[in-house]
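User: I would like to learn how to read salt bridges. Please go through them with me.

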Amino acid sequence: MLTNRRREFLKIVVELYDEKKEPIHYSDVAEKMGISRWTAYDILKELEKGEYLEAEYYLEEGKSQGRSVVRFIPTEKAYQLFDKISTNEWENLKENLISKVKNGKNTSLEELLNGMFHATKPLEFCAYAIAAFLLKLRMISGLSLQNLESNILTCVNPASTLVLFGGTVLGVLLYNKIKTDVDKVLSENIRRFQLHLNELDQKDIHLLNNFLKDLIAAAT
């Protein structure tokens with residue numbers, strides 16, 4: 001049974017793993033929560049039994065034999081619980097979306113819209129939306145993405161950058177007159193994009209902000 005207490009522990013492990021990008025030792029969790037190492041160990045082992053964590057064993061640095069050290073990795077089940085995307089899943093998603101934007105074809109835009117509709121997590125939806133919005137801008141003749149970069153990415157606040165980007169996309173679509181069903185779908189989902197932004201924490205906002213920068217760099 002996943003009690004509120006165990007859920008709190010699991011959330012800490014997920015956050016630490018996303019931050020460090022490496023398996024987490026129970027002493028790190030203990031320090032974060034202000035409890036004993038052995039209490040943290042016992043609870044993490046219970047979370048492992050529930051398939052929320054996987055344990056990996058390592059020999060201490062500099063030793064070829066002896067007692068191994070256990071560290072923990074969140075499973076996909078853990079990420080689904082918090083409606084989050086795992087680090088590996090995020091990297092794969094980014095690579096796929098950047099490839100589609102670089103491809104720059106109508107079929108890629110349709111694939112991005114399809115991915116956006118089937119996204120189950122706020123971060124996933126926003127990533128697909130950003131890629132679809134940027135690809136549409138890239139396909140509009142006479143529009144300079146370099147100007148977009150200089151006008152939008154200079155915002156100090158990452159959240160403001162993303163909101164401004166969405167507003168810019170809507171403005172461009174309205175200026176060019178919404179001519180196709182794709183344009184209509186894009187314009188209708190800008191509001192949904194901004195609502196999902198409000199559901200994300202600062203870490204995910206920074207991920208999306210950096211993703212937008214990478215997309216613009218790849219598209220120019």
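User: How many salt bridges does a search of the whole structure find?

Analyst: Side chains of opposite charge can pair when their charged atoms come close. The term used here requires a side-chain nitrogen of Lys or Arg within 4 Å of a carboxyl oxygen of Asp or Glu. The search finds 11 salt bridges. This is a predicted model, where local features need pLDDT of at least 70, side-chain atom pairs count only at pLDDT 80 or more, and totals for chains, interfaces and linings use all residues. Residues are numbered from 1 along each chain as its sequence is written, and side-chain values use heavy atoms, with hydrogens and water left out.

User: Which residue forms a salt bridge with E15?

Analyst: The partner of E15 is K11, with the closest N and O atoms 2.8 Å apart. Both sit in helix α1 (residues 4-20), four residues apart, so about one helical turn separates them. Helices here are DSSP runs of H or I, at least four residues, numbered from the N terminus.

User: Where do K121 and E89 lie?

Analyst: K121 and E89 form a salt bridge, their closest N and O atoms being 3.7 Å apart. K121 is in the loop between α6 (106-118) and α7 (122-139) and E89 is in helix α5 (residues 87-103), so the pair ties together parts 32 residues apart in sequence.

User: Is K121 buried or exposed?

Analyst: Buried means under 20% relative accessible area, exposed over 50%, and partly exposed in between (1.4 Å probe, protein chains only). K121, at 8% relative accessibility, counts as buried, while E89, at 29%, is partly exposed.

How values were computed. Helices (H or I, at least four residues) and strands (E, at least two) are DSSP runs, numbered from the N terminus.
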